[in-house]
Amino acid sequence: MTRFPIEEFSSLQTPFYFYDLKLLDRTLKEIKRTARDSRFKVHYAIKANANPGILRYIQAAGFGVDCVSGWEIETAIEAGFRGDRIVFAGVGKSDNEIRLGIEKDIECFNVESEPELRVISQIATEMGKTARIAIRVNPNIDAHTHAYITTGLAENKFGINLEMLPGMVALACTLPNIELKGLHFHIGSQITENEPFVMLCETINRLQDEYESRGITFSSINLGGGLGIDYAHPERHPIPDFE
Ligand SMILES: Cc1ncc(COP(=O)(O)O)c(C=O)c1O
């Protein structure tokens, strides 16, 4: 349970943020315990909190980072994250942000559309480098969370529809200076049920089987979203059930 050091607070000017690093530490340890299989890599979505101290703490614990802007990439690097532990999603990547990601040799661009894929290829070619990419697929799965933080339904702006995937895979295999690493899925935030993740994994397994039968193996499968805080009982369940 979080213990608020109220005596110390009285000497501080308001407003201020109080972060319970012991709880963060326990949470990170629990994630590491449940994701101990070395094939799993957990990335922290920096948009949740970009406080430099928090970022350094998460980096030191061995996690990667999930960015949605050039500023987030720069902030992650300042906090010590290596380029190869940074993934970059987002529907509005500017040319400059793409250039920055390539320059920093990031682990993966999670590509949201065909035009974006073409732009990344063009910029990587101009820079004489190869960009690693995953295709963000909208799996049309209801995460049973708030409509404003749902990302994986057909009506959401993120990623490409499943029907467009074959064309995108073919394009990624032919465009210059592009290395197709795999697929990316994100269904929403503040998810407190297991069922949407089971449905997501079933969809992903089916897709992988389909592509493997055609000789295409994805080396990376990146999926989210975030496990939610139990706001009804925040003190009772401060750490989500990662298992
Ligand atoms: C690609 C991606 N990663 C991460 C997030 C952050 O959410 P969460 O930490 O709940 O996964 C979002 C939210 O929209 C997202 O689209």
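Predicted model: local features only at pLDDT ≥ 70, side-chain atom pairs only at ≥ 80, totals over all residues.
Residues are numbered from 1 along each chain as its sequence is written, and side-chain values use heavy atoms, with hydrogens and water left out.

**The chain as a whole**

- The chain has 8 helices and 8 strands. Both are DSSP runs numbered from the N terminus: helices are H or I with at least four residues, and strands are E with at least two.
- The radius of gyration is 19 Å, close to the 18 Å that the globule rule gives for 243 residues, so the chain is as compact as a globular protein of that length. The radius is taken over C-alpha atoms, and the rule is 2.2 Å times the number of residues to the power 0.38.
- The C-alpha trace spans about 65 × 40 × 35 Å along its principal axes.
- Of the 243 residues, 43% are buried. Buried means under 20% relative accessible area, exposed means over 50%, and partly exposed lies in between (1.4 Å probe, protein chains only).
- Take the contacts between residues at least 6 apart in sequence: 58% of them join residues at least 24 apart. A contact means heavy atoms within 4.5 Å.
- The accessible surface of the chain is about 13700 Å², and 52% of that belongs to carbon and sulfur atoms. Such areas come from the Shrake-Rupley method with a 1.4 Å probe; for residues, only the protein chains shown count as cover.

**The ligand site**

- The residues around the ligand are Ala-45, Lys-47, Asp-66, Ala-89, Arg-136, Thr-151, His-184, His-186, Ser-189, Gly-225 and Gly-226.
- In the side chain of Asp-66, an N or O atom is 2.9 Å from a nitrogen atom of the ligand.
- Ser-189 places a polar side-chain atom 2.6 Å from a ligand oxygen atom.
- Gly-226 uses its backbone: an N or O atom there lies 2.9 Å from an oxygen atom of the ligand.
- On its own the ligand has 390 Å² of accessible area, and the protein covers 81% of that.

- Asn-222 sits in strand E8 (residues 220–224).
- Asn-222 counts as buried because its relative accessibility is 18%.
- Beyond its neighbours within four places in sequence, Asn-222 is in contact with Val-87, Asn-110, Leu-183, His-184 and Phe-185. His-184 is also among the residues around the ligand.

**Backbone details**

- The peptide bond from Thr-14 to Pro-15 is cis, with omega near -5°. Pro-15 is in the loop between helix H1 (6–9) and helix H2 (21–34).
- Gly-224 and Gly-225 are also joined by a cis peptide bond, with omega about 25°. Gly-225 lies in the segment after E8.
- Asp-105 is not a glycine, yet its phi is positive, near 55°. Asp-105 is in the loop between helix H5 (95–103) and strand E4 (108–111). Its relative accessible area is 39%, so Asp-105 is partly exposed.
- Asn-177 has a positive phi of about 60° and is not a glycine either. Asn-177 lies in the loop between helix H7 (165–174) and strand E7 (178–186).

Conventions: Near = heavy atom within 4 Å. Polar contact = N/O pair within 3.5 Å; in protein donor to acceptor, adjacent residues only side chain to side chain.
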